[in-house]
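I opened my notebook to get to know this structure, one look-up at a time.

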Amino acid sequence: EYYRDSAANYEKMKRVLSGLKNFAEGFSKDTYSNYILMGATGLGKTHLSTSVAKTVIENGYDVKYVTALNMIGDFENKRFSNASDAETINKISRYYYAELLIIDDFGTELSNQFTVSCLYDVINMRINNRRSTIINTNLNHGEIEAKYGERIASRLLGEYLPVVFSGTDIRKQKLMK
């Protein structure tokens with residue numbers, strides 16, 4: 001009901017829902033698909049990706065769901081505190097090897113050489129190891145390249161299926177009711 005502002009939007013978002021539902025329900029250890037969910041704030045990217053995570057977990061697979069900010073925080077903790085405890089090492093390794101990694105709020109973290117390096121490493125390693133990843137972002141293609149550079153942008157835009165969300169902020173719609 002929140003996408004009924006236009007027939008085209010409604011049909012588009014219906015296809016988005018159907019595609020990601022099929023991905024989640026059909027997920028297996030051999031699945032290799034990457035998605036980048038793009039669009040303005042409040043359009044349902046996080047809601048849909050948490051639903052995907054729930055379904056994949058219920059089917060017995062390992063899912064790591066994290067905000068970009070928290071993921072970078074884990075890498076900073078490991079690097080700057082020289083953390084070598086098993087919990088920290090396990091956290092970091094799951095970014096590389098979880099059967100499905102979902103990074104929410106990509107683009108909200110501070111961008112510097114260290115964060116870009118960490119993100120590149122995770123993205124590249126997951127591509128090389130054929131591990132599925134979903135990234136949620138409010139950034140568009142140009143903003144991704146400007147913020148992260150050509151190496152990350154090329155991988156995201158070449159290896160991930162872009163899923164563009166459109167419509168009116170659902171949170172604002174709920175407030176108006």
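**Entry: Asp105.** I began by looking up where Asp105 sits, and found it in strand β3. I kept in mind that this is a predicted model. The phi of Asp105 is near 60°, which is a positive value in a residue other than glycine. Is Asp105 buried or exposed, or something in between? Asp105 has a relative accessible area of 34%, so I put it down as partly exposed.

**Entry: Arg130.** Next I turned to Arg130, which is not a glycine and yet has a positive phi of about 55°. I found Arg130 in the loop between α5 and β4. Its relative accessible area is 53%, and because the cut-off for exposed is over 50%, Arg130 counts as exposed.

Entry: I looked up Tyr96 and found it in helix α4, which covers residues 86-97. Tyr96 has a relative accessibility of 11%; the cut-off for buried is under 20%, so I marked Tyr96 as buried. Which residues does Tyr96 touch, once its neighbours within four places in sequence are left aside? I listed Phe75, Asp121, Val122, Met125, Arg126 and Arg131. I also checked Tyr96 against Gly73: they are 23 residues apart in sequence, and their C-alpha atoms are 16 Å apart in space.

Asn90 lies in helix α4 as well. Asn90 is partly exposed, with a relative accessible area of 45%. From Asn90 to Arg126 I counted 36 residues along the sequence and 16 Å in space, C-alpha to C-alpha.

**Entry: α5 against α7.** I then moved on to helix packing. A pair of packed helices is described by the angle between the axes and the distance between them. Helix α5 (residues 113-128) packs with helix α7 (residues 150-159) at an angle of about 35°, and their axes are 10 Å apart. I wrote down the crossing of α5 and α7 as left-handed. On the α5 side, the contact is made by Val116, Leu119, Tyr120, Ile123, Asn124 and Ile127. On the α7 side I found Arg151, Ile152, Arg155, Leu156 and Glu159. Sorted by class, the residues of this contact of α5 with α7 are seven nonpolar, one polar and three charged.

**Entry: α6 against α7.** At what angle do α6 and α7 pack? For helix α6 (residues 141-148) and α7 I noted about 145°, with the axes 7 Å apart. Helix α6 brings His141, Ile144, Glu145 and Tyr148 to the contact, while α7 brings Glu150, Ile152, Ala153, Leu156 and Leu157. The contact of α6 with α7 divides into six nonpolar, one polar and two charged residues.

**Entry: the largest pocket.** Last, I looked for open space. The largest pocket holds about 780 Å³. Its lining is made of 36 residues, and Tyr3, Leu43, Gly44, His47 and Leu48 lie nearest the centre. The elements that give two or more residues to this lining are α1 (7-25), α2 (45-58), β3 (100-106), β4 (132-137) and α8 (170-176). Which element gives the most? I found that α1 does, with nine residues. By class, I noted 15 nonpolar, 12 polar and nine charged residues in the lining of the largest pocket.

Technical notes
Residues numbered from 1 in each chain as written. Predicted model: local features only at pLDDT ≥ 70, side-chain atom pairs only at ≥ 80, totals over all residues. Heavy atoms only, no water. 1 Å grid on protein atoms, 1.4 Å probe; cavity = no way out; pocket = protein on both sides within 12 Å on 5 of 7 lines; lining within 4 Å. Points joined across faces, edges and corners; volume = space filled by probe spheres on them. Helix = DSSP H or I, 4+ residues; strand = E, 2+ residues; numbered from the N terminus. Nonpolar A, V, L, I, M, F, W, Y, C, P; charged D, E, K, R; others polar. Buried < 20%, exposed > 50% of the residue type's maximum accessible area, 1.4 Å probe, protein only. Contact = heavy atoms within 4.5 Å. Axes fitted to C-alpha atoms, helices over the stretch in contact; angles between N-to-C directions. Left-handed = near helix turned anticlockwise from the far one by under 90°.
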